[in-house]
Amino acid sequence: MLLRREGWAVNAKRVYRLYREEGLQVRTAKRAKRASHTRVPLPEPVCANQRWSMDFVSDRFSDGRWFRILTVVDQYTRECLCAYADRSQTGEKVVEQMKRLVKLRGAPESITTDNGSEFAGQAMDTWAHQAGVKLDFIRPGRPVQNGYIESFNGRLRDECLNGEIFFSLTDAREKLERWRHDYNQKRPHTALADRTPEEFARAIGGRPFALPIVGKTEPSARQGSAAAGQKPPALDGPPSLPSRTEIRAKGLTERPRLLERVN
């Protein structure tokens, strides 16, 4: 898809052959098969900046030290709003990033998170109350209920974290920010009609996605109906009186009936 956007006339087989010959395949762990079960569909957002999702991703520096990355995604436009790395992530640090994003984009209606202490703590709860943001916590052990951020974290792991070596916190933040811009500006999504998140956000212009309002149509006349082809009577106009010819014709038709009754 990326090659076609740049003007290359290639097919999938040739790209895959060259991909394998150069050893560029991203090795991902195969998921274990599980028994299928009924899943309750989650409500879909209808406009940008309505619902966000956030979570943490962990990785290591070259010397073996761990660090964590706070990831935030807009559920409607698929934009990566934040990929902030730090040695440790607390509720106060999460609130700092939320305040920064609210200044840039405004506050969302709700944020979907797990039940981690950083999200369910007092600092995050106080900020959400003051900003008027609803925190939607998923059920414990049900990451599928926050599928937007789980899917994004998988791409972040495969395309950035597994292919980069981070030497320091500053180096990690610079590489994550470059990848975030590439993801938003150059990475097309099939769910967005093969457009990048920024292209999709500019196309909708922040407008909610809704069906157009269709005017009511007049009921069609049914065959065999006495009122077929006739206009509905006006309720606010004066009643129409019968003409003189109609009265005379009615009188002539009723006169023989009266004579029969008299006889």
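Me: Is Cys47 buried or exposed?
Reply: In this predicted model, the relative accessible area of Cys47 is 17%. Buried means under 20%, so Cys47 counts as buried.

Me: How many disulfides does the count come to?
Reply: A disulfide is a covalent bond between the sulfur atoms of two cysteines. The sulfur atoms have to be within 2.5 Å. For Cys80, the closest cysteine sulfur is in Cys82, at 7.1 Å, which is too far for a bond. By this rule the number of disulfides is zero.

Me: What is the relative accessible area of Cys80?
Reply: The cut-off for buried is under 20%. Cys80 is buried, and its relative accessible area is 1%.

Me: Is Asp59 buried or exposed?
Reply: Asp59 lies in strand 1, residues 51-60. Leaving out residues up to four places away in sequence, its contacts are Arg65, Trp66, Phe67, Arg157, Leu161 and Phe166. Its relative accessible area is 13%, so Asp59 is buried.

Me: Is helix 6 roughly parallel or oblique to helix 7?
Reply: Helix 6 (residues 147-161) packs against helix 7 (residues 169-186) with axes 11 Å apart and an angle of about 120°. Roughly parallel would need an angle under 35 degrees. The arrangement of helix 6 to helix 7 is therefore oblique.

Me: How many residues of the contact of helix 6 with helix 7 are charged?
Reply: From helix 6, Phe152, Arg155, Leu156, Glu159, Cys160 and Leu161 take part, meeting Leu176, Trp179 and Tyr183 of helix 7. Seven of the contact residues are nonpolar and none polar, and the number charged is two.

Note on methods: Residues are numbered from 1 along each chain as its sequence is written. This is a predicted model: local features need pLDDT of at least 70, side-chain atom pairs count only at pLDDT 80 or more; totals for chains, interfaces and linings use all residues. Side-chain values use heavy atoms; hydrogens and water are left out. Helices (H or I, at least four residues) and strands (E, at least two) are DSSP runs, numbered from the N terminus. Buried means under 20% relative accessible area, exposed over 50%, partly exposed in between (1.4 Å probe, protein chains only). Contact means heavy atoms within 4.5 Å. Axes are lines fitted to C-alpha atoms, for helices over the stretch in contact, and angles run from 0 to 180 degrees between N-to-C directions. Angles under 35 degrees count as roughly parallel, over 145 as roughly antiparallel, 65 to 115 as roughly perpendicular and the rest as oblique. Ala, Val, Leu, Ile, Met, Phe, Trp, Tyr, Cys and Pro count as nonpolar, Asp, Glu, Lys and Arg as charged, and the others, Gly among them, as polar.
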